[in-house]
Amino acid sequence: MAERALDRIDVRPTYTDEDAAAYEARFAGVPAPDMLRTLLTGELHGQIAAVSSFGTESAVLLHMVASADRATPVVFTDTLKMFPETLAYRDTLVARLGLLDVRVIQPDATLLAAKDPEGIRHGYDPDGCCDLRKVEPLARGLAPFEAWISGRKGFQAGTRRALPRFEVEDGRLKLNPLADWDKAALNGYFAAYDLPRHPLEAEGYLSIGCAPCTSKVKPGEDPRAGRWRGFDKIECGIHRPVSAA
């Protein structure tokens, strides 16, 4: 009798740090739009989604994604605490760019009822609030994908200055195409393609999240200084602070 073949389960992570380093080297010096076009229409097609907050600078990355493949899934986490202007801006950009697969993910109603029944957790436990309204919903939204695209930029805060273009988190490849872009480059892209601006940007909101936890940025502050003002908090939990090597 032939020996029975044993079933084996591959528990290796989909991507490793070595994979991220290889991508980093492969696309060194390649402009972000070209890099995205290569990957979205090539080896990552069907495996990758873009994540967007539809904030002040989101139009740049979304335009690049749409230019490469308008059917690329775009995941938007609606925390149910968003500015009305953000929701309107989302609809404007979706129509303008012709995005074909925008997936709106909301917090789990059962979890909200159990852990934030009055909707005020942001005022005393912003980390817990972000876990409920951002981290858990996004995890669900990204579950079908092996890679995702982030709009983070290195200039936004001191915790992002060492940001690479490729990294791996929990076995999933994470792309930061705009890691090395500064504000001047972003403004130039907005102008070159006549992209609409978030309506709150002109009022001094340079980084926009949930309405209760977003304030105007003062002259000389980091663009993200208006987030969670008064709390020792710099990220929502979706992204991890990046340390220089």
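Me: How many salt bridges does the structure hold, and what makes a pair count as one?
Reply: There are 13 salt bridges. The term needs a side-chain nitrogen of Lys or Arg within 4 Å of a carboxyl oxygen of Asp or Glu. This is a predicted model, in which local features need pLDDT of at least 70 and side-chain atom pairs 80 or more, while totals for chains, interfaces and linings use all residues. Residues are numbered from 1 along each chain as its sequence is written, and side-chain values use heavy atoms, leaving out hydrogens and water.

Me: Why are Arg-26 and Glu-43 called a salt bridge?
Reply: Their side chains meet at 2.9 Å, N to O, and the limit is 4 Å, so the pair qualifies. Arg-26 lies in helix α1 and Glu-43 in the loop between α2 and β1, so the pair ties together parts 17 residues apart in sequence. Helices (H or I, at least four residues) and strands (E, at least two) are DSSP runs, numbered from the N terminus.

Me: Arg-90 and Asp-91 form a salt bridge; how do you know whether each is buried or exposed?
Reply: Buried means under 20% relative accessible area, exposed over 50%, and partly exposed in between (1.4 Å probe, protein chains only). Arg-90 has 14%, so Arg-90 is buried. Asp-91 has 45%, so Asp-91 counts as partly exposed. The closest N and O atoms of the two are 3.1 Å apart.

Me: Asp-69 is buried; why is no salt bridge assigned to Asp-69?
Reply: The nearest side chain of opposite charge, Arg-70, is 7.0 Å away, and a salt bridge needs 4 Å or less, so Asp-69 has none. For charge, Lys and Arg count as positive and Asp and Glu as negative; His and the chain ends are not counted.

Me: What makes the pair Asp-101 and Arg-103 a polar contact?
Reply: Their side chains come to 2.9 Å. A polar contact is a pair of N or O atoms within 3.5 Å; within protein, one must be able to donate a hydrogen and the other to accept it, and residues adjacent in sequence count only if both atoms are side-chain atoms. The pair therefore meets the distance limit.
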